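Let's take a look at how charged side chains pair up in a protein chain. Have the sequence and the 3D view open as you read.

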Amino acid sequence: MQLRIYTVRDGLLDEWVERWRSDVVPLRRKWGFEIGEAWADRERNQFVWLIS
């Protein structure tokens, strides 16, 4: 399992989350990855997720 942490530019976190849901998740699942939890840390402008 990997913990992924991305720091996103100010004001773009919501867009990042939507693109992650629509583009990244389906592609990763297509290739057999499992997506664990994911969350947005708005105080730090970070998106955090688990993948295995």
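By about how many helical turns are Arg 19 and Asp 23 separated in helix α1? About one, because the two sit four residues apart in that helix. Helices here are DSSP runs of H or I with at least four residues, while strands are runs of E with at least two, and both are numbered from the N terminus.

A quick note on the ground rules: this is a predicted model, where local features need pLDDT of at least 70, side-chain atom pairs count only at pLDDT 80 or more, and totals for chains, interfaces and linings use all residues. Residues are numbered from 1 along each chain as its sequence is written, and side-chain values use heavy atoms, leaving out hydrogens and water.

The structure has four salt bridges, a salt bridge being a side-chain nitrogen of Lys or Arg within 4 Å of a carboxyl oxygen of Asp or Glu. Here are some of them:

| Salt bridge | N to O distance |
|---|---|
| Arg 42 and Asp 14 | 2.8 Å |
| Arg 19 and Asp 23 | 3.1 Å |
| Arg 44 and Asp 41 | 2.8 Å |

The pair of Arg 42 and Asp 14 links distant parts of the chain, 28 residues apart. Arg 42 is in the loop between β2 (35-41) and β3 (46-51), and Asp 14 belongs to helix α1 (residues 13-30).

So which partners are buried and which are exposed? Buried means under 20% relative accessible area, exposed over 50%, and partly exposed in between (1.4 Å probe, protein chains only). Asp 14, at 48%, is partly exposed, and Asp 23 is partly exposed at 39%.
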